[in-house]
Amino acid sequence: MLTSGVSGVRVSFVIPCFNEEIFIGSTIDSINANFFSKEIPYEIIVVDNRSEDRSALIAIERGAKVVYSESNTVSAVRNDGCRVATGQIFIFLDADVVIDDNWIEIFLEHMERLIRNNDVVGSHCSVPETIKGPLKEWYFRIENDDRDTHIGSGHMLIGRKLFFLLEGFNPSLVSGEDYDLCKRAKAEGAELVVDSRLKAFHLGYPTTIKEFVRREVWHGLGDVQNFQKFIVSKPAVAATLLFLLQALAIISLLNGMMLSFYFLFLTIVAMIIALIVYKFKVFSVSVISSLILPAYLYLTGRFGSLLYRLSGKKCF
């Protein structure tokens, strides 16, 4: 039940979309299923960013309002949706994220917080059962990460007042816009609330090594947009250092400098293990072993972000 203090609150779901015909229907269906028996006004705004498939048509068929955007970053695309949103609470979902059947019951607990306290609420997306192999362990650890550095924009809840006070997402950021918004929100006194009971499943998690690395390249682009961002980004600096050490190791090996090679190799392994321990606070040898490959691929992707930026390309 709604409390008297937040009765009549309208909710706006804002979903950026580019060629998501495989998932967008499920995303919208999960929202409609949650609100079907609740007397809560809500709207679903799908911001179509030049899709070439049936994404927009599928969204319209399911009752969503489709807004067409020509913006060049997902930050700006989300902002475009918020400009036409009428709700007092904005809920950002990615077009390949579905909310759990009882999501709305947990959401009701946070409504007053979102309206009155101007906090940012959400959770790390859960891993669907379709994900297998070593990548699933990585995603599982992300799902259960209890740090409050930021709320991911793939599943973020924020009050309208706070969102516009912050002037929305930074439209110049290719990625990392959620971290930036949360940092500014905290500076305004907002609290970040990670509630694992707010279940949302990321259906589009990469299932292959190529897709995983490509995803991390994209995620890391925001960290290498300029030198100032690069030097304060731990992932970007760590990835660059790792691959410099890797280059030195290869040179040592080719020149028969085996002592140097072994030292560099062990240093690389130690860096990867340190990343795992720092990022996920795990100390089990078996868990760390299962995460070594994904961690290496993670850093590979983040170094790829730097190479991509140095190539002079402006978007992914």
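The model is predicted, so local features need pLDDT of at least 70 and side-chain atom pairs count only at pLDDT 80 or more, while totals for chains, interfaces and linings use all residues. Residues are numbered from 1 along each chain as its sequence is written, and side-chain values use heavy atoms, with hydrogens and water left out. Helices (H or I, at least four residues) and strands (E, at least two) are DSSP runs, numbered from the N terminus.

**The α10/α11 pair**

- Helix α10 (residues 234-254) packs on helix α11 (residues 258-280) at an angle of about 160°, and their axes are 8 Å apart; axes are lines fitted to C-alpha atoms, for helices over the stretch in contact, and angles run from 0 to 180 degrees between N-to-C directions.
- That angle makes α10 roughly antiparallel to α11, a label for angles over 145 degrees.
- Contact means heavy atoms within 4.5 Å, and on the α10 side the residues making it include L241, L242, L245 and L248.
- On the α11 side, F261, L264, I268 and M271 are among the contact residues.
- By class, this contact has 14 nonpolar, 4 polar and 1 charged residues; Ala, Val, Leu, Ile, Met, Phe, Trp, Tyr, Cys and Pro count as nonpolar, Asp, Glu, Lys and Arg as charged, and the others, Gly among them, as polar.

**Nonpolar cores**

- A nonpolar core is a set of buried Ala, Val, Leu, Ile, Met, Phe, Trp, Tyr and Cys residues joined through side-chain atoms within 4.5 Å, where buried means under 20% relative accessible area.
- The largest core has 72 residues, of which F13, V46, I91, W103 and F107 touch the most other members.
- Helix α12 (residues 285-310) gives this core its largest share, 10 residues.
- Apart from that core lies another of 22 residues, among them M156, L162, L166 and A190.
- Not counting residues up to four places away in sequence, F13 touches I31, F35, E43, I44, I45, I91, L93 and W103.

**Helix α7 and D180**

- D180 sits in helix α7 (residues 177-187) and is buried, with a relative accessible area of 18%.
- Leaving aside neighbours within four places in sequence, D180 is in contact with N170 and L173.
- D180 and G222 are 42 residues apart in sequence, and their C-alpha atoms are 9.9 Å apart in space.
- E177, D178, D180, L181, C182 and A185 are buried in α7, and the buried residues of this helix pack against α3 (74-84), β6 (120-122), β7 (155-159), α6 (160-165) and β8 (192-194).
- After α7 comes G189, with a positive phi near 95°.

Technical notes: Parallel < 35°, antiparallel > 145°, perpendicular 65-115°, else oblique. Buried < 20%, exposed > 50% of the residue type's maximum accessible area, 1.4 Å probe, protein only.
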